[in-house]
Amino acid sequence: MPRLSESARRSGRARGNTAAVVGFFAAAWFGWAMAVPTPGVLTALLNIGAVAGLIVVVLGIGVAVHSPAESSAMTDRAVRRRYVTVVVVEVLVLVAGAVVLALAGLTEWTPVWVCAVVGVHFVPLASIFGESSLTVLGVLLGAVATGGLVLGLSTNAAPSTVVGTGAGLCLLAFAVIAVAGKRFARR
């Protein structure tokens, strides 16, 4: 597989698209954290996180729109094909796991499953896009899923609240760093 150039990986289009997509999912995770009633202060903080995620979406779209389209790694047919393959496999695994959990009457554990699978999907994406920071994000989401499982089993904390909050924070931080043009790690 050809390696993506540094300019393709760090282009404004790539950074903007990344920030927009990841910011959207950060907002969604903060929303999922409120699937069960949460204390007033936590609810307010989760709402602030969701709004911050949506602000990053708008900023990311602005960065992407004002950058040349050809600077995106997604213009490479092989990159696009591998990306779509990873996302399709991810969705199939997510749905299969959610169905199994629903049939077993364990739907409260769906956020843990989703977070773990999303974390894993970032590992091949790191290779596809030549962006090692995606592996860092994947490991963080794996840790959040593990934390949600452990706390859900050992306390009265709702897995959706634990995982939604943790995943939202990780994704929001990553989205902010992406839109700002910074990197977690060098290749």
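Guide: A disulfide is a pair of cysteine sulfur atoms within 2.5 Å. The model discussed here is predicted.

Visitor: How many disulfides does the structure hold?
Guide: The sulfur of Cys115 has its closest cysteine sulfur in Cys170, at 7.6 Å. The cut-off is 2.5 Å, and 7.6 Å is too far for a bond. The number of disulfides in the structure is 0.

Visitor: Is Cys170 buried or exposed?
Guide: A residue counts as buried under 20% relative accessible area. Cys170 has a relative accessible area of 15%, so Cys170 is buried.

Visitor: What is the relative accessible area of Cys115?
Guide: Cys115 also falls in the buried class, for which the limit is under 20%. The value for Cys115 is 1%.

Visitor: How many aromatic pairs does the count come to?
Guide: Rings pair if their centres lie within 6.5 Å. By this rule the count is 3.

Visitor: Which class does the aromatic pair of Tyr83 and Phe129 belong to, stacked, edge-to-face or tilted?
Guide: The ring centres of Tyr83 and Phe129 are 5.8 Å apart, with 55° between the planes. Stacked needs under 30 degrees and edge-to-face over 60. The pair of Tyr83 and Phe129 is therefore tilted.

Visitor: How many residues apart are Tyr83 and Phe129?
Guide: Tyr83 sits in helix H4 (residues 77–103) and Phe129 in helix H5 (residues 110–129). Their pair links distant parts of the chain, and the separation is 46 residues.

Visitor: Is Phe129 buried or exposed?
Guide: The limit for buried is under 20% relative accessible area. Phe129 has 17% relative accessibility, so Phe129 counts as buried.

Visitor: How far apart are the end C-alpha atoms of helix H7?
Guide: Helix H7 (residues 159–180) has 22 residues, and at 1.5 Å a residue these should span 32 Å.

Visitor: How many of the residues of H7 are buried?
Guide: H7 is largely enclosed by the rest of the structure. Of its 22 residues, the number buried is 16.

Visitor: Which residue just after H7 takes a positive phi?
Guide: A phi of about 85° follows just after H7, at Gly181.

Visitor: Which helix gives the most to the nonpolar patch?
Guide: Val21, Phe24, Phe25 and Leu54 form this surface patch, with about 380 Å² of accessible area together. Val21, partly exposed at 44% relative accessibility, lies in helix H2. With 3 residues, the largest contribution comes from helix H2.

Conventions. Residues numbered from 1 in each chain as written. Predicted model: local features only at pLDDT ≥ 70, side-chain atom pairs only at ≥ 80, totals over all residues. Heavy atoms only, no water. Phe/Tyr/Trp six-rings, centres within 6.5 Å; stacked < 30°, edge-to-face > 60°. Helix = DSSP H or I, 4+ residues; strand = E, 2+ residues; numbered from the N terminus. Buried < 20%, exposed > 50% of the residue type's maximum accessible area, 1.4 Å probe, protein only. Expected span 1.5 Å × (residues − 1). Patch = residues over 30% accessible without salt bridge, like charges linked within 9 Å, V, L, I, M, F, W, Y side chains within 5 Å. Areas by Shrake-Rupley, 256 points an atom, 1.4 Å probe, with all protein chains shown as cover. Salt bridge = Lys/Arg side-chain N within 4 Å of Asp/Glu carboxyl O.
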